[in-house]
Amino acid sequence: MPTAVAHSHRPTTKVSHKPFKSKAASKHELRDRAKGRVPNEKGSRKTPHQQVMSKFDRRNQAKQARLTKHKEHLKGTSVFNSREGAPRIVAVLPLCSDGDAAAAIQQLNGSLDITADIQPGNFRVPVDRFKQKLQYIPLQRDLNECLDAARVADFVVVVLSASVEVDPLGELILRSVESQGLSTLFTVVQGLEKIEPAKQRPGVVSSLKSFITHFHPEQEKVFNLENRQECANLMRSLCSTTPKGVRWRDERSWMLADDIQFANTEADSTVITGVVRGRGLKADRLVQVGDWGTFQIEKIVAAPLAKHGKGNATQSAEEEASQVLEEPSDDRDDLNELAPEDVMMDAEETEQDPTAASKKGVLLDEHHYFSEEDEEEKKEKKRVPKGTSKYQSAWYLEDVSDSESDMEDMEMEDTHAEEYEAAPEDGIEGYAQPEPTEAGPSEYPQSEMMEELGDEAEAEQLAQYRLKKRDEAEDDKEFPDEIELLPNVLARERLSRYRGLKSLRTSVWQEDEDRAHEPEDWRRMLQIPDYASSKSRAVREALVGGVEPGTRVQVFIKGMSPSLAQSYKPTSPVTLFSLFRHENKKTAVNYLFNLSTDYGKSVKSKEEIIVQCGPRRMVINPLFSQAGTTPNDVHKYSRFLHPGGSAIATFMGPVTWGAVPVLFFKRTTPGEILNEGDGPSPGLALIGTGTALPPSTNRVVAKRIILTGHPYHINKKVVTIRYMFFNREDVEWFKAMPLWTRRGRSGYVKEPLGTHGYFKATFDGRINPQDSIGISLYKRVWPRNATAVRHPLLEVGAPVDAVEADGDVAMA
């Protein structure tokens, strides 16, 4: 019989609803559902640049880019297109001693059956096949001519020889032309048919191509002038290729002189005829004419070439020739390099500090230490309500109250932190970390009793110490700024202009101490508070107005002496460059100087160097200083610049807006062998290249000297030091200076000992007996004036070795 099952009803109180299925779920719900899966990329792209374009949009975008590039091409070549358009300037530059520029031009013209007389100066040749005009500049192997021609040429044709190697003069010309900025370059070989047997000719061409690609890797072919087809191909390239251009040149208006009519008297004007290139030529701006100097423009007159036609065409050409295109306005630039004496750039007269004569110690940062009676007056003050404590004053800003009746002076403390890595001699950033406090066995000798030596014994030990130190310095040039004081010289008088800095990078440089030693015209030079905006304003001015590029004009120049006609050579190209506003004003100029490793010698600061920056050449005696930016704008002076190194060369000269290439030349003895394997020097060496940097009169070049002493007795962290000073008064004078060691330990002077300059010092750790202890002192050095070059570079006067005016005897 089956078992009876108890009967039960289905529960009616428990109801299970269907789950809620909403498409608009919360973010965390969607994240849980995804379980780590990445969503479709197409839906997550929000901006138009992220979205995938359709095929039609991609075609349209490519078309717009193609049209834009075509417009830029037309704009770049439009100056050559019309019948009255500008000719394409071609400089033919031979690098070898047997190179002949005239013969090379004759062979190029002959490939297109052009019959034209080869003239000594620059001349035009119409190329009817390509409807273009070429203006040739045949050159000799003269450095000045090659530099002047290459910086205005649209194309530079370098002529190599198949049988003669490039000598040092040719290599100097090639490197100089390349470094100043070079437009499109072509290379040709001359005399290849003379190479016998003929199977050696491909090897010669390959060798010449290897030589030129070392300087210009983009050169793909060396054209043979004896091959008519290759000459025709080169002519086609000259007539159809868009010149690459030179950026610093194309930002300015410039012109190659076709003809020059010198003035008969000082009151007359010199007339220079040529075609305007680059930007529009303005009569308000000054112009640099060759190496003759900077002048003002009196007027600009149209000078179209004579048209071959009927009488009406001839009459219209004569009318155009007498048309004045541009005259100066009230906004004309003057020739003054400095501000007038009655209108100083810094109008505030600096009052002499009445406490300067009574100071009792060296200047360290912003304070003359050990002048207790004046210390309260020199502290920084802050306006706070009366009765405010020192703690409460830190919570008040400068504008807490409009009324000054309830305000009083409160001393403030400097709480700036300094966090820079540097060498020990640079200040507190270069100091080593304090030693741990755990005790350990000492590796240093125990201290000895202090003994006073006699004068003879002291002098003998000093001579032995310095002789040993000089040998070490020759092996390891770790301290190039170290100097030696003679025992009979008072350091406080010899180093009266020097000061101390707790940090070379961050300590404020007090300029009031330098006013008595600054150059006479320092306050009259151009001050540029914001270089970027001033440069942008000057460059934008050149974009609008002036005589249109491609126009042949006559420029009437004021102030050119008739005696300049004696230095003019018809075979040498004469260039005219329009200067930006203020580019004739004098200021403290900074150039980045990269010394070439090919020169092989160190260059001393203040030595005579010839520089070329843009259209100007100058003879300078620059100050070298470390590159980079610092919070206090103080940069350490460098006595030497070694091969392969870089420095900032500072001098007083005219402003140059923009990053213009700079060439650095140095006079050498003709026939001198500079490096092994090199040929005899032509009398001038290209020692380096660089770039024009923003000028600044606020940039401080600080010369550092290091006084070193020898640890005589060591007792834990207290050390007796000698040979740094030689009398007690000097120790008292420099007592505030922080001490440092080669290994990064820092300390301070505790007390003087005896009368021979010995003193005790306390350091933050134990020092090694072989360590050297020093202090760093600084003074500001001032740049020197530049002199314009008025003669050929290879005929500039003999070099003048620079001698440091302060007479410091620096160790090697």
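Trainee: What makes β4 and β5 a pair of strands, and in which sense do they run?

Mentor: Two strands pair if DSSP finds at least two bridges between them; strand β4 (residues 155-161) and β5 have seven bridges, in the parallel sense. They therefore count as paired. Within this pairing, Val157 stands opposite Phe186 in β5. The model is predicted, so local features need pLDDT of at least 70 and side-chain atom pairs pLDDT 80 or more, whereas totals for chains, interfaces and linings use all residues. Residues are numbered from 1 along each chain as its sequence is written, and side-chain values use heavy atoms, with hydrogens and water left out.

Trainee: What is the order of strands in the open sheet, and why are β2 and β6 said to stand at the edges?

Mentor: The sheet has six strands in the order β2-β3-β1-β4-β5-β6, with mixed pairing. β2 and β6 (222-224) each have a single partner strand, so one side of each is left without a neighbour in the sheet. The twist averages 30° from one strand to the next. Strands here are DSSP runs of E with at least two residues, helices are runs of H or I with at least four, and both are numbered from the N terminus. Counted in this way, the chain has 16 helices and 34 strands.

Trainee: Why are α6 and α7 called oblique to each other?

Mentor: The axes of helix α6 (residues 168-179) and α7 come within 11 Å and cross at roughly 40°. Axes are lines fitted to C-alpha atoms, for helices over the stretch in contact, and angles run from 0 to 180 degrees between N-to-C directions. Angles under 35 degrees count as roughly parallel, over 145 as roughly antiparallel, 65 to 115 as roughly perpendicular and the rest as oblique. The two helices are therefore oblique.

Trainee: Which residues make the contact between α6 and α7?

Mentor: Contact means heavy atoms within 4.5 Å. Glu171, Leu174, Arg175 and Glu178 of α6 meet Phe211, Ile212 and Phe215 of α7. These residues divide into four nonpolar, no polar and three charged. Ala, Val, Leu, Ile, Met, Phe, Trp, Tyr, Cys and Pro count as nonpolar, Asp, Glu, Lys and Arg as charged, and the others, Gly among them, as polar.

Trainee: Is Ser176 buried or exposed, and how do you know?

Mentor: Buried means under 20% relative accessible area, exposed over 50%, and partly exposed in between (1.4 Å probe, protein chains only). Ser176, in helix α6, has 0% relative accessibility and therefore counts as buried. Leaving aside neighbours within four places in sequence, Ser176 is in contact with Leu143, Leu147, Leu663, Phe665 and Leu686.

Trainee: What makes Asp113 and Asp633 worth a remark?

Mentor: Most residues other than glycine have a negative phi. Asp113, in the loop between α4 (101-110) and β2 (123-127), has a positive phi of about 55°. Asp633, in the loop between β22 (623-625) and β23 (634-638), has phi near 60°. Asp113 is exposed at 59%, whereas Asp633, at 27%, is partly exposed.

Trainee: How many disulfides are there, and by what rule?

Mentor: A disulfide is a pair of cysteine sulfur atoms within 2.5 Å, and by this rule the count comes to zero.
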